[in-house]
Amino acid sequence: MCGIYGYIGPRNGVKIAIDGLKRLEYRGYDSAGIGCIVDNGIDCVKEVGKIGVLEAVVDGLTSHAVIAHTRWATHGKVTRENAHPHLDETGAVAVVHNGIIENYTELRNKLKEEGVHFHTETDTEVIAQLIARIYEGNFLRAVQQAVLLLHGSYAIAVLHKNHPDQIVTAAAGCPLVIGVGAHETFLSSDPNALAHHTREVIYLEDGEVALIKADETQVFDATQAQISKKTDALLHDIGTVSKGDFQHFTLKEIFEQAQTVKNALFSRASEEYGTVAFEELHLTANELLTIKRVLIIACGTSWHAGYVAKYLLEDVARIPTDVEISSEFRYKNPIVEGGTLVIAISQSGETADTIAAVREVKAKGAYVVALCNVQGSTLAREAASCLFLRAGPEIGVCSTKAFTSQLVVLTLFTLLMARLRHMSKNEGHSFLHAMHELPDQIDEILGHADAIHTIAKKYSQYNDFFFLGRRYMYPTSLEGALKLKEIAYVNANGYPAGELKHGPIALINETCPTIALAGDKVTYDKLLSNLMEVKARHGKIIAITDAGHGALKDIADDIIVIPKTLDELAPITYSVACQLFAYFVALERGAEIDKPRNLAKSVTVE
Ligand code: F6R
């Protein structure tokens with residue numbers, strides 16, 4: 001989704017900003033632009049398509065004060081005009097913006113009545129025009145006054161031609177990080193894009209405005225009073241991540257999962273007591289015992305992880321659990337009773353809907369534990385405790401290793417809750433033992449990649465799929481289907497197998513194959529009956545199974561055999577097989593796997 005980068009200092013900021021935009025590329029975008037202070041004012045260059053196109057056009061341009069942007073279209077088509085920065089009508093002010101200004105039509109109409117001429121349909125142009133209209137010689141003051149009139153979410157960076165040694169930036173509901181260097185200052189919507197220049201950063205909170213110069217940064221709160229902000233230290237440098245010998249980041253990340261699962265487990269399992277200890281969970285055993293209900297909020301793949309956790313927490317820890325999609329939940333008037341623990345899951349920690357939902361439950365007094373992969377992200381800072389996934393940067397837009405790490409952390413949390421309640425030490429030991437087997441089992445599945453590729457190739461030209469599963473395999477089927485949709489652009493529906501006959505079975509015929517996730521022992525025989533119904537309607541069946549596959553052999557057209565684990569852990573192993581299947585279908589169809597069309601890694605708008 002949209003990305004912001006900025007630089008002010010003695011070096012050529014154009015080169016630095018282009019490099020910064022490349023580091024934001026993984027988030028997804030459709031056009032890019034750069035605005036910079038030059039001798040006679042502000043120069044803006046914008047292009048549709050890859051950063052490489054923009055880079056070629058700005059070759060030779062130099063500036064010490066630069067703002068830059070990657071756009072993921074919301075208001076207005078993907079065109080050069082709609083790309084950022086946007087200028088006011090006099091060309092004095094340039095703005096790059098992430099987020100959505102909800103009252104932009106009203107502001108625009110008002111400015112038009114005052115005689116201001118607009119050149120684009122974007123909400124961002126309104127911000128530039130507004131700042132220029134308010135400006136009376138004090139740049140900072142003009143931005144401070146303008147942001148008070150904006151409704152919605154934004155992170156902005158602004159240049160003014162009369163103030164060539166300043167960038168003013170502001171944020172509300174969208175992340176903005178300032179990187180403090182030696183006699184130079186950077187800014188970005190993503191801390192990862194700063195780490196190779198400086199590890200010292202300042203996060204802007206909602207309503208704050210910053211005046212940035214090469215040598216100093218002043219931050220002001222929403223009342224326009226100057227405040228002193230602490231600097232935080234960054235840990236990761238995303239710039240060092242490469243594809244290695246893999247054709248795509250997505251494949252590399254699928255193959256990293258034996259290690260990332262180990263990382264998520266590392267030092268959290270307490271072998272002696274058959275339980276779990278999270279260093280980052282600031283809740284005592286007594287406080288954990290007072291939890292009567294768990295509420296999980298998340299989007300997309302993270303919501304699927306939450307759905308698996310609902311089964312786990314209810315089945316293993318016997319705690320009533322609800323799982324909600326953040327974008328729906330945030331507009332409910334949620335009932336958050338005493339004794340409710342909220343778990344917010346977000347790989348990026350920047351998903352706007354999840355953050356809004358978290359703020360809503362916090363306002364109602366809930367204690368929020370986040371599950372997040374990105375240190376310093378908004379969610380990690382908002383939550384009372386944050387359990388990190390330790391999956392390392394995930395560059396492929398489609399979430400793979402972060403998902404399995406989410407499952408590991410949620411399973412560990414379930415074990416902790418179960419041991420505090422009714423589970424015996426011996427049961428805890430067996431559970432942990434099964435978890436420790438996961439990395440080797442994942443390696444074994446990855447060892448079958450060629451066989452899975454062969455099956456994927458056979459089915460790569462089908463345009464509709466069902467993924468069927470029961471119990472733990474139901475949310476796993478939702479995730480398997482999502483992978484196929486997003487990277488192979490193939491229609492796929494995850495369904496509880498028992499529900500098929502209540503409508504969707506009408507779609508089954510020889511052109512619509514079914515991926516059967518036969519990883520749940522409790523419902524295995526029931527699943528076989530459902531598959532017979534599919535077969536009777538000439539549906540092709542690809543079964544993923546860890547069973548002796550006697551009966552399945554007669555039903556399925558193709559079988560992918562993976563190692564046996566507990567039902568509770570099967571979502572992890574089965575998901576790895578589904579990821580490989582989706583990857584190879586996408587490869588055979590020639591899809592753009594790491595950056596699927598229309599998708600963004602970090603969804604910072606509603
Ligand atoms: C799918 C995918 C998305 C994300 C969703 C939430 O592969 O990556 O569905 O899971 O956009 O993102 P986070 O977890 O960053 O909140």
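Is Arg133 buried or exposed, or what does it count as in between? I find that Arg133 counts as partly exposed, at 45% relative accessibility. I note at the outset that this is a predicted model.

**Salt bridges.** I searched the whole structure and found 29 salt bridges. One of them pairs Arg133 with Glu114, with 2.9 Å between the closest N and O atoms. I placed Arg133 in helix 4 (residues 123-134) and Glu114 in the loop between helix 3 and helix 4, 19 residues apart. Glu114 also counts as partly exposed, at 37% relative accessibility.

I next looked up Asp315 and Arg471, whose side chains meet in a salt bridge (3.5 Å, N to O). Asp315 belongs to helix 9 and Arg471 to the loop between strand 23 and helix 16, so this pair ties together parts 156 residues apart in sequence.

I then examined Asp567 and Lys521, which form a salt bridge at 2.9 Å, N to O. Their loops lie 46 residues apart in sequence. Asp567 is buried, with a relative accessible area of 7%, whereas Lys521 is partly exposed at 44%. Through shared partners, salt bridges join Asp315, Arg471, Asp520, Lys521 and Asp567 into one network.

**Helix 3.** I listed Tyr104, Leu107, Arg108 and Leu111 as the buried residues of helix 3 (residues 104-113). Seen down the helix axis, they fall within an arc of 100 degrees, so they line one face. I found Glu106, Lys110 and Glu113 exposed on the other side.

**Surface charge.** I recorded a negative surface patch formed by Glu437, Asp440, Asp443 and Glu444. Glu437 sits in helix 14 (residues 425-447) and is partly exposed, with a relative accessible area of 35%.

Conventions:
Residues numbered from 1 in each chain as written. Predicted model: local features only at pLDDT ≥ 70, side-chain atom pairs only at ≥ 80, totals over all residues. Heavy atoms only, no water. Patch = residues over 30% accessible without salt bridge, like charges linked within 9 Å, V, L, I, M, F, W, Y side chains within 5 Å. Areas by Shrake-Rupley, 256 points an atom, 1.4 Å probe, with all protein chains shown as cover. Salt bridge = Lys/Arg side-chain N within 4 Å of Asp/Glu carboxyl O. Lys, Arg positive; Asp, Glu negative; His and termini not counted. Charge placed at Lys NZ, Arg CZ, Asp CG, Glu CD. Helix = DSSP H or I, 4+ residues; strand = E, 2+ residues; numbered from the N terminus. Buried < 20%, exposed > 50% of the residue type's maximum accessible area, 1.4 Å probe, protein only. Arc of directions from axis to C-beta.
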